[in-house]
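Please open the structure in the viewer and keep the selection tool at hand.

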Amino acid sequence: MENKAEETPAKGDLLILKPEEGKNFWQPVPANGHISVRISPDFLGVETPFSLGTQTLPPQGYVREHAHPVHDEVLHFISGRGKAVVEGVEYPAEPGVTIFVGRNRKHMFINTSEDQELHWLWFIQPNGLEYFFEEIGRPMQPGEAAPEPFARPDNVLEIEQRTAFVAADKL
């Protein structure tokens with residue numbers, strides 16, 4: 001006898017975050033600013049590991065040149081003005097610009113403004129970047145004033161290699 005009943009496919013997780021939720025961290029120099037991890041395999045079950053969040057750089061802040069060994073990254077700029085430098089070529093980082101950076105491509109981001117923050121959404125697959133942000137940053141509470149600039153941890157190179165970065169000597 002055949003069972004003609006249709007199977008109900010398994011449903012994945014659902015997560016809705018308010019602006020103040022997620023995991024939020026102040027970032028050390030030279031970036032300063034802050035990040036918010038919005039989606040991570042640590043928060044919910046995902047079929048393919050990835051993470052997503054936002055990053056905000058204060059005026060004149062920058063994310064130093066780096067690359068990710070096995071990670072594809074997408075950045076979508078939301079507000080402010082600056083530049084993205086990918087493999088030595090400069091591109092505008094301004095509202096509406098989306099940049100895909102495949103594995104092992106050197107890239108950096110610079111807020112060129114004197115008075116505006118540069119804010120973007122980032123997506124990385126596989127995940128790992130969120131662990132780096134947490135380990136080098138300081139927890140950020142909603143409404144909290146920005147701390148004085150603080151240094152990266154002494155073991156930042158070890159943290160980078162363990163999370164989502166190409167070793168600095170291989171760039």
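## The cavities

By class, 15 nonpolar, four polar and four charged residues make up the lining of the largest cavity. The model on display is a predicted one. Rolling a probe the size of a water molecule over the atoms shows where empty space is left.

Select Gln55, Val63, His66, Phe132 and Phe133; among the 23 residues that line the largest cavity, these lie nearest its centre. Next, colour strand E4, strand E5 (72–79), strand E10 (118–125) and helix H1, the elements that each give two or more residues to this lining. The space within the largest cavity is about 260 Å³.

How many cavities of 30 Å³ or more are there? The count comes to two. The second largest cavity has a volume of about 50 Å³. To find the second largest cavity, select its lining: Lys23, Phe25, Val37, Ser40, Asp42, Phe43, Glu130, Tyr131 and Glu134. Strand E1 (23–26) and H1 are the elements that give two or more residues to this lining. The largest share, three residues, comes from H1. By class, the lining of the second largest cavity has four nonpolar, one polar and four charged residues.

## Helix H1

Now select helix H1, residues 129–136. Which residues of H1 are buried? They are Leu129, Glu130, Phe132, Phe133 and Ile136. Please turn the view to look down the axis of H1: the buried residues fall within an arc of 160°, so they line one face of the helix. An α-helix has 3.6 residues a turn, so residues three or four places apart point the same way.

## Helix H2

Continue to helix H2, residues 156–163, and select Val156, Ile159, Glu160 and Thr163, which are buried. These residues cover an arc of only 100° around the axis, which puts them on the same side of H2. To see what covers them, display strand E4 (62–66) and helix H1, both of which are included in that cover.

## The nonpolar core

The next selection is Leu75, Phe77, Phe109, Trp120, Trp122, Leu129 and Phe132. Of the 26 residues in the largest nonpolar core, these touch the most other members. The elements that give two or more residues to this core are strand E2 (34–39), E5, strand E6 (82–86), strand E8 (98–101), E10, H1 and H2.

Centre the view on Phe109. What is phenylalanine 109 in contact with, leaving aside its neighbours within four places in sequence? The contacts are Leu57, Gly61, Tyr62, Val63, Leu75, Phe77, Lys83, Ala84 and Trp120. Leu75, Phe77 and Trp120 are also among the core residues selected above.

## Backbone details in the loops

Most residues other than glycine have a negative phi, and most peptide bonds are trans. The following stops present exceptions.

Select the loop between E1 and E2, where proline 30 is found. The peptide bond from valine 29 to proline 30 is cis, with omega near 5°. Asparagine 32 also has its place in the loop between E1 and E2. The phi of asparagine 32 is near 60°, a positive value in a residue other than glycine.

Move on to proline 126, in the loop between E10 and H1. A cis peptide bond joins glutamine 125 to proline 126, and omega is about -5°.

Then select glutamate 87, in the loop between E6 and strand E7 (89–93). Glutamate 87 is not a glycine, yet its phi is positive, at about 55°. With a relative accessible area of 37%, glutamate 87 is partly exposed.

## The largest pocket

Select Pro19, Asn24, His34, Met140 and Pro142, the closest to its centre of the 14 residues that line the pocket. E2 and strand E3 (51–57) are the elements that give two or more residues to this lining. Which element gives the most to the lining of the largest pocket? It is E2, with three residues. By class, the lining of the largest pocket has four nonpolar, eight polar and two charged residues.

Conventions
Residues numbered from 1 in each chain as written. Predicted model: local features only at pLDDT ≥ 70, side-chain atom pairs only at ≥ 80, totals over all residues. Heavy atoms only, no water. Buried < 20%, exposed > 50% of the residue type's maximum accessible area, 1.4 Å probe, protein only. Helix = DSSP H or I, 4+ residues; strand = E, 2+ residues; numbered from the N terminus. Arc of directions from axis to C-beta. Contact = heavy atoms within 4.5 Å. 1 Å grid on protein atoms, 1.4 Å probe; cavity = no way out; pocket = protein on both sides within 12 Å on 5 of 7 lines; lining within 4 Å. Points joined across faces, edges and corners; volume = space filled by probe spheres on them. Nonpolar A, V, L, I, M, F, W, Y, C, P; charged D, E, K, R; others polar. Core = buried A, V, L, I, M, F, W, Y, C linked by side-chain atoms within 4.5 Å.
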